[in-house]
Structures are given as structure tokens and as C-alpha cells.
Amino acid sequence: MFAQRPDPSMDRAAVRAYLLAHAPNIDGPAFTQIGAADLRMLFEQYDARSFDGVLRRSLGGTPLSFRVSRRMTNSLGLTYRYSPPLRFEIVVSTTLLFGNFDPGDRPVLVCGLPAADRLEALQLVFEHELVHLAELVAFGHSDCAADRYAGIAHGLFGHREHQHRLITPRERAAEQGLLV
């Protein structure tokens, strides 16, 4: 479906540099604000660099929207396929994104890769969601635990796992002795 990229980290570094220079809210690796416009810019950069424009062309006129959510506490990102009418949405959790990377925090993994900072975590989860989008557009369904998904994610982005190991609000509460 998609050709394996020779070095996914080069695309990631180029997208990072572009975002740091042009994104409306991403003012550094430890940014404290993010909006739909930033996510749209991420999509445009990854579609151009990693997918050679295939995602945008495959969507045709099908709407694709982006949103940030404070209510998502277990998933860093989600991709939805709605119908009728057919439309797609990618959502990123600000609760999890901003709840990590404080001084003294344990290291986090996103897609089986260490994320050095908030921006890298955002990029890794967005790559993950783009693979979901590609599968939803091409096949009508997506399962990140399936072999096809794993092959695409590894080939395009070097992802090693489909799960993330971030600090959750539940873990933060447990650190302070609060248990549910």
C-alpha cells in the first residue's frame, strides 16, 4: 500500500522544524497550547512528506476535521469515521499531552519509541492516527493490533508498538496516594 521510508526520522525532523517555525500555537518543544489549526498543519506536512499527498487525494472531497480534547484521559489520540454523510476526524488529548514531560517525570513511550518532549509525543501519536486514517479511507476499518496496521506504521514511521506508555491522570493521582 505505502512504500517503506528509508529514514522516517528525517520526515519527523522536517515536520518538527516546520511546525516550530510556522504553527500558530506550537512555540517550542514544551508548548503549552495547541489547536485544530496546529493539527491541520501536522496533517498537511505529513501528507506531503510521508504519504506523497496520497491521503489528501484519497479523501477527495470527504471532510476531515481536527480537534483537541480535555476529556480524553486514556487515549492520546483517536481517529473517527462517521457516516452518513461520510467524514473523518482526528482528535488529540490535551490532558495526556500536557500531563507529561514535567521535570522529574519518568520517560514515556509513544508507538514504542521514546518521546523526548511534548512535540515529539504529538508527532508520534499523530503518525499513529494517520495510519488509522489511511486504513479507514482505504478499507473502511482500522485495527492497530492487526498485522496490516503494524506493517504500515513500521514501514512509514518506524513505530515498534501500537500502544503508548504515558503518565495518566490515574498514575498522577496514585503518586500522591490517591487511589480510585
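Residues are numbered from 1 along each chain as its sequence is written, and side-chain values use heavy atoms, without hydrogens or water. As the model is predicted, local features need pLDDT of at least 70 and side-chain atom pairs count only at pLDDT 80 or more, while totals for chains, interfaces and linings use all residues.

Helices (DSSP runs of H or I, at least four residues) and strands (E, at least two) are numbered from the N terminus. Axes are lines fitted to C-alpha atoms, for helices over the stretch in contact, and angles run from 0 to 180 degrees between N-to-C directions. Helix α5 (residues 118-139) packs with helix α6 (residues 147-157) at an angle of about 130°, the axes lying 10 Å apart. This angle makes α5 oblique to α6; angles under 35 degrees count as roughly parallel, over 145 as roughly antiparallel, 65 to 115 as roughly perpendicular and the rest as oblique. The contact (heavy atoms within 4.5 Å) involves E127, H128, V131, H132, E135 and F139 of α5, together with R148, Y149, I152, A153 and F157 of α6. Of the residues in this contact, six are nonpolar, two polar and three charged. In this classification Ala, Val, Leu, Ile, Met, Phe, Trp, Tyr, Cys and Pro are nonpolar, Asp, Glu, Lys and Arg are charged, and the others, Gly among them, are polar.

Helix α5 also packs with helix α2 (residues 36-49), at an angle of about 65° and with the axes 11 Å apart. The two helices are therefore roughly perpendicular to each other. Residues L39, L42, F43 and Y46 in α2 meet L122, Q123, F126, E127, L130 and L133 in α5. This contact has eight nonpolar residues, one polar and one charged.

The model has zero disulfides, a disulfide being a pair of cysteine sulfur atoms within 2.5 Å. The sulfur of C111 is 9.0 Å from its closest cysteine sulfur, in C144, which is too far for a bond. C111 is buried, at 0% relative accessible area; buried means under 20%, exposed over 50% and partly exposed in between (1.4 Å probe, protein chains only).

Most residues other than glycine have a negative phi, and most peptide bonds are trans. C111, in the loop between β4 and β5 (113-115), has a positive phi near 60°. Phi of F101 is also positive, near 75°; F101 lies in the loop between α4 (94-98) and β4 (108-110) and is partly exposed, at 25% relative accessibility. Cis peptide bonds join S83 to P84, with omega about -20°, and P84 to P85, with omega about -15°.
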